[in-house]
Amino acid sequence: MSGRKNEEALKRREFLQLVLGTSAGVLLAPGQAFLRTAGRKETGLKVLVLGMDGLDTVLLDRFLQEGKLPHFQKLAASGTYRPLRSSVPPQSPVAWANFITGTNPGGHAIFDFVHRDPGTYLPVFSASESLPARHNLRLGKLNIPLSGGEIRNLRRGRAFWQILEDHDIPATIFKIPSNYPPVETRQRTFSGMGTPDLKGYYGLFNYYTNEYKTVTEEYGGGGRVHDVYVIGNRVEARIPGPNNPFRQGNPETFVDFKVFIDPVNPVAKIAYQDQEFILREKEWSGWKKIRFDFIPTQGVTGICMFYLKEVRPKFKLYVSPINIDPADPALPLSTPESYSRELARKFGPFFTKGLPADTAALENDVLDEKEFLAQDEIVYQESMAMLEEELRNFRSGLLFYYFSNADQRQHMFFRLIDRNHPAYDEKLASEFGQVIEQTYRQMDRALQLAMEKVDRNTVIVVMSDHGFCPFRRGFNLNTWLLRNGYHVLRPGTRPEEVSLFQGTDWSRTRAYGVGLNALYLNLKGREAQGLVRPEEKEPLLRELAQKLEQVTDPLTGERVILKAYLTSEVYSGAYVHEAPDIILGFNRNYRISWNSPLGSFPRELIEDNPQKWSGDHMTAPDLIPGVLLASRPARLEQPALEDVTAGILTMFGVKIPPEVTGRPLF
Amino acid sequence: MVWWLNRAVGSLFNLIFLPFSSFNPWVAMLVVSLLTALLMLFIYKKTSNQEGIRLVKNRIKARLLEIRLYQTDLRTQLGSQKELLAANLQYLLYNLKPLLVMIVPIFLILAQLNLWFASRPPAPGETFLLKARFIKTVDLERLRLDLETPTGLVVETPPVRIIDEAEVAWRLKVTGPVDEPLVVQVNGERYQKIVPAGKSRLLRVSTVRVKRNLWQELLYPGEKPLPADSLLKQIELRFEPQRLHLLGIGFHWLVAYFLLSIILGLALKGLFRVEI
């Protein structure tokens, strides 16, 4: 990694401290009160929804035509197969929130993975916020929280399972994205995408090696490299845990561990706390419990996996992000709280982090393609086992079940089916070019399992939140704004060295980009140092939209942005005023660059994406619709995500509430 | 000598637990706690000065009453406190003898209960660690080591030799029922280790076989000790710890045992007219 990238990583780290430092106190949040599960009304009809994140119509069509997905074929033939219109923008948290609430982002207030704080212009996570304990007692170096912290789900609007609950219709919602912490309900729900690891990150792996290596500690995730020494065939290191809310300054907790390497054999024993296990080279450990103590009577338990990548000549050990232990959750994972423990009793430890596959480890070459897939295969097998169990217990009402594999693997392996991608590699393509197809086949097997287990009274719905397309080139929105005079830096500032808008002259800046599709005006009365007067807003937005839609890539001659959506025109609902002002709908093959979303100004306006993260879904939603398959014919020719919600409610005879904007699908 | 004692106590526990092997382990725990309570009451009654204890307890009560009655009289208060302290010390002294006597059977019982309640044998498909610990002077890299596994067990990894801890460890996997002991071969010498297995809810699980040594043998009474001249100090199977579950809470067996024995002992002391 270049020195500049290192520097950025440091700045990001500082930022992360700001955003995530509060998470430790939240670990002490009192457990949710025990909740009785929702009324068990026996419904004649049952509805099973399989949410397969990122399933793409183009690819699905191709594999269907090639006869590779017999159960999708069967379902399509029996009822409905349509493209499913995604959200604006078609990002997972936004799209699944559309489905959850049956409305558009103006009604649920999730507009992007990342929002911004209008007071500081800094990015903040859109899905949830952590608040530390309000009152603390300080005794020397000790800090005793006198109240629990709080984690808030920032999604607004009622979830469809809450509406079903009003009518006593039971529902089980397994790992649906945009539901962390799970909203209060008597239904059985388990949180999905958005659930952090035990440190409060979206996934932070640890990598122990005596080889020179750097990795990026990204916004909300990534990894850390620990330099270790092999002395006398022994390695001693520490696994970082959550911050300690009982100590002044909330220092990070650690667990010491030792690795004993055999002098000859490629095998090692790992020991920490009361754990001891042996790993061969290139072997995964399975889940291991780990406890981080704050004070002698207080601590939290997590679970992680070890992977002994290499013993010699270099020592390389990967430790997965520490997931919240479902058997003893330090943070809220489910409703009722006992649901998480019930699953842990049946299945042992399992992935609880929102996006379980460690894409950052593959991106940073800590895991290679084969190793990444081995890890994601564990995710798939866990999901299948739990699906089977949920189907066995599915007697009434609704079951929603989520799969992340297609989304995560398309993000990382699109480069190997796209010969024009900057990261295309002939050799890797020959070995891993079939991964996406194999993943679709695995989704077909999940559907097969469901079709075999449900009875005739069950309507099966398979849906995805968006499709996929290659991410070949990245657009630097903030660089464009800077070059076109909408964003101004203070004199003497070198644009390419800026991160998080350090150096921005807000008194002369009219627009800025934060997040993956969002553009904000520096609006007077809204932003801390707002410049644009309310009456100037509309003309400025139209001017920006028009100019952005004309941006062409000099390398390809293609338009970069197909549509710049004015949110005042495409959103409706109570929270439109919180929305970004413009949502960029990129053209196929394009996306926001890696650095622009966090307030940087790279030199190039449009740059190649050489990274393994090579497939994405930030285009105009019409380009990458999701898929909808159902065992019942649909009334709508061009359904949208929120129409599925309305369809579910009407199937159960529930009147659609006014805040749900979707139309009945069936 | 110790081995024969261990065998005798072990046989007694086998006999006690035999009828309860298919029951919830709490039943066996309740039975053994009840027997312990009875034994301890018997020992206490026979080895303590019952009359002395009764008198000293009365003295304590009297002093407490005195403190309450004469709250405004500082001199009496101080005198009562002094007398109360003395009576308490006397009470502790009376308890010392029975406690010292009780330690012996309690130690033997705890070592036996550890075999029955501490660990869970792995089920087919599960793995565990086998650790062989040697005397410090052994050169592990030159040692001729081999592992003979019975049917139902496979060795999954090559040995990990940890020189400075004189330890060698393997990972084993249970593939089916295990009826024979495994054998660790050290320079041609064969040392057996029982691998407990079975489906019974209550199983005697010996995880450690130690070399001949008084304390070690008393602590790990499950198997005949290794020969005194062996290079091996102990053979250990790392099994998962076991908990006794009640109302969703997992209890360590030691906590359950002490709580139940104390509660039952206090409940029955009146019946057997034991002054505690």
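In which order do the strands of the open sheet of 8 strands in chain A stand? This predicted model is read with local features that need pLDDT of at least 70 and side-chain atom pairs that count only at pLDDT 80 or more, while totals for chains, interfaces and linings use all residues. Residues are numbered from 1 along each chain as its sequence is written, and chains are lettered from A and ligands numbered from 1 in the order in which they are written.

**View 1. The open sheet of chain A.** The 8 strands follow the order β2-β32-β23-β1-β22-β9-β10-β21 (chain A), and their pairing is mixed. Here strands are DSSP runs of E with at least two residues, helices are DSSP runs of H or I with at least four residues, and both are numbered from the N terminus. Two strands pair if DSSP finds at least two bridges between them. At the edges stand β2 (80-84) and β21 of chain A, each of which pairs on one side only. Between β10(A) and β21(A) the pairing is antiparallel, over 2 bridges. In β21(A), S334(A) is the residue opposite F190(A).

View 2. Y180(A) and P181(A) are joined by a cis peptide bond with omega near -15°. P181(A) belongs to the loop between β9 (171-176) and β10 (188-191) of chain A. P336(A) lies in the loop between β21 (334-335) and α8 (337-347) of chain A. N589(A), a residue other than glycine, has a positive phi near 80°; N589(A) is part of strand β29 (residues 589-592) of chain A.

View 3. Two packed helices are described by the angle between their axes and the distance between the axes. Helix α4 (residues 70-78) and helix α13 (residues 435-453) of chain A have axes that come within 7 Å and cross at roughly 55°. Axes are lines fitted to C-alpha atoms, for helices over the stretch in contact, and angles run from 0 to 180 degrees between N-to-C directions. α4(A) and α13(A) are therefore oblique to each other; angles under 35 degrees count as roughly parallel, over 145 as roughly antiparallel, 65 to 115 as roughly perpendicular and the rest as oblique. From α4(A), P70(A), H71(A), F72(A) and L75(A) make the contact with D444(A), L447(A), Q448(A) and M451(A) of α13(A). Residues are in contact if their C-beta atoms, placed from the backbone, lie within 7 Å. The contact of α4(A) with α13(A) has 5 nonpolar, 2 polar and 1 charged residues. In this classification Ala, Val, Leu, Ile, Met, Phe, Trp, Tyr, Cys and Pro are nonpolar, Asp, Glu, Lys and Arg are charged, and the others, Gly among them, are polar.

**View 4. A roughly antiparallel helix pair in chain B.** The axes of helix α2 (residues 25-47) and helix α4 (residues 74-117) of chain B come within 9 Å and cross at roughly 165°. The two helices, α2(B) and α4(B), are therefore roughly antiparallel to each other. Residues of α2(B), including M29(B), V32(B) and L39(B), meet residues of α4(B), including V101(B), I109(B) and F117(B). By class, the contact of α2(B) with α4(B) holds 14 nonpolar, 2 polar and 1 charged residues.

**View 5. The two domains of chain B.** The domain assignment, automatic or from a database, divides chain B into domain 1 (2-118 + 253-268) and domain 2 (120-240). Their C-alpha centres lie 37 Å apart. In the contact, 18 residues of domain 1 of chain B meet 14 residues of domain 2 of chain B. On the side of domain 1 of chain B that touches domain 2 of chain B, α1 (2-17), α2 and α4 of chain B each supply at least two residues. α1(B) gives the most to that side, with 6 residues. That side of domain 1 of chain B has 12 nonpolar, 6 polar and no charged residues.

**View 6. The open sheet of chain B.** This sheet of 3 strands has the order β3-β7-β8 (chain B) with antiparallel pairing. Its edge strands are β3 (145-148) and β8 (189-193) of chain B. Strand β7 (residues 182-186) of chain B is joined to β8(B) by 5 bridges. L182(B) has K193(B) in β8(B) opposite.

Methods: Contact = placed C-beta atoms within 7 Å.
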